[in-house]
Structure formats: structure tokens, C-alpha cells
Amino acid sequence: MVLTAVTVVAVALLAIVNQITEAPIREANKKALEEGLKIALNVNPADALAVQAEETLENGSIIYKTDKGTAVQATTQGFGGDLKVLVGFDAEGTILNYSILATAETPGLGSKAADWFKAGGKGNITGKNPGEKELKVTKDQGEIDAITASTITSRAFLAAVNKAYESLSASSDGGAGATEQVKKENVEQTAQTAE
């Protein structure tokens, strides 16, 4: 009887705490996403940003169409756990910027991914188009410098960016279809020139 009473009281307290914290957690997540979208799309933090459409794909990626551009959230397995990255793309599929939404990487090592791959960082990926050439670290015959002593995190990060691009390309409206259109036009021009 005592054990049952304690269990009932504990369940009731957990339910109350859940109700109290549910709304603030949802608001904090919404705010973190909005800030991440602004960073990924190079939008001034003071400017308003409106998400016009959101599409969740089978691979777990989420595509956010906003009034300032398109960003894709992709998750991969890093060294310490899930690595959730939000990548902003222009109409041609070129990377504008990125934001790390969640990471469990080692502080001081893998956590450097937050800035390492940005403009001015040693592994800068901004301005690159994963549709033209898959992003890989130099140890894997790629062009991107890995974070020192954190190659696993670097590979996981670039895998997330490549996954984001693939998701954008596979989205319902073609996403980065502009890149495919440019490639198609180049092939047609080459064929015409050869004739």
C-alpha cells in the first residue's frame, strides 16, 4: 500500500512538472530554431524571419522555407552522440552558412565545429556547393581541413551538410533543382558545341 501511494504521488508530481515546463521548453526550442535559421541564412539577428513552409523528409531531415531563403536541418552520429546541423542554401544549392542546433561532442575539441567550418575558419565550407563535389575532409581525399584531433566530428559534420544538400535536392519542389538545371544546361551546351 505504501509503495503504491508513493508511486501515485511521484507520477502526479511528474505530470505537474511536465505541464509546468512544457510551454517554456517549446518556446525555448522555437527561439533556438529561429536564431539558428537567421545564422544559417545570414539574416541580421534584429530582422524578422517568417517560416513559410516546413517539410519533414523520410530520412529525418527538415526543410524550412522562409521569406529569406531555404535551410535544411540534418542529423548524423558524431563522436559523442547526435550532431544536429542547420544549413542555409541559396537557390543554386551553395552553402550560405550553418548553425549547430545540438551536439554532444567533446568540449574543446569536437565542439569547435560551431565555428571551424564558417567563413574565416580553417575548414570554411561557405560558398561551396555539395552538389558539385561532395564535402570530405582531406584525410578522405577531400578539400576540407578537419578539426585538429577531432576527425570523427569533422566527418560527422560534413556528412550532415551533405545529407542536408541531398535532402534539399530530394524535397517536394526539387529544392536545389536550380543546380540540376544548370548542370543540364551545361550538358546541352556541350552537346550542341560538339555537333
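This report describes the sheet, the packed helices and the nonpolar cores of a predicted model.

Residues are numbered from 1 along each chain as its sequence is written, and side-chain values use heavy atoms, with hydrogens and water left out. Because the model is predicted, local features need pLDDT of at least 70 and side-chain atom pairs count only at pLDDT 80 or more, while totals for chains, interfaces and linings use all residues.

**The sheet**

Five strands form an open sheet in the order 1-2-3-4-5, with antiparallel pairing; helices (H or I, at least four residues) and strands (E, at least two) are DSSP runs numbered from the N terminus, and two strands pair if DSSP finds at least two bridges between them. Strand 1 (51-56) and strand 5 (95-102) are at the edges with a single partner strand each, so one side of each has no neighbour in the sheet. On average, neighbouring strands are turned by 20° against each other, direction ignored, where axes are lines fitted to C-alpha atoms, for helices over the stretch in contact, and angles run from 0 to 180 degrees between N-to-C directions.

| Strand pair | Bridges | Residues between strands in the hairpin |
|---|---|---|
| Strand 2 and strand 3 | five bridges, antiparallel | two residues |
| Strand 3 and strand 4 | eight bridges, antiparallel | four residues |

Within these pairings, I63 stands opposite V72 in strand 3, whereas T76 has L83 of strand 4 as its bridge partner and A74 has V85 of strand 4. In the hairpin of strand 3 and strand 4, G81 takes a positive phi near 150°.

**Helices and cores**

Helix 1 (residues 2-40) packs on the sheet and touches strands 1, 2, 3, 4 and 5, contact meaning heavy atoms within 4.5 Å; its direction makes about 155° with that of strand 5. Helix 3 (residues 151-170) lies across strand 2, strand 3, strand 4 and strand 5, and runs at about 135° to strand 3.

A nonpolar core is a set of buried Ala, Val, Leu, Ile, Met, Phe, Trp, Tyr and Cys residues joined through side-chain atoms within 4.5 Å. The largest such core has 27 residues, of which V87, F89, F117, I125, F157 and L158 touch the most other members. Strand 3, strand 4, strand 5, helix 2 (113-116) and helix 3 each give two or more residues to this core, and helix 3 gives the most, with eight residues. Apart from it lies another core of nine residues, among them A40, I62, Y64 and L86.

Terms used: Buried means under 20% relative accessible area, exposed over 50%, partly exposed in between (1.4 Å probe, protein chains only).
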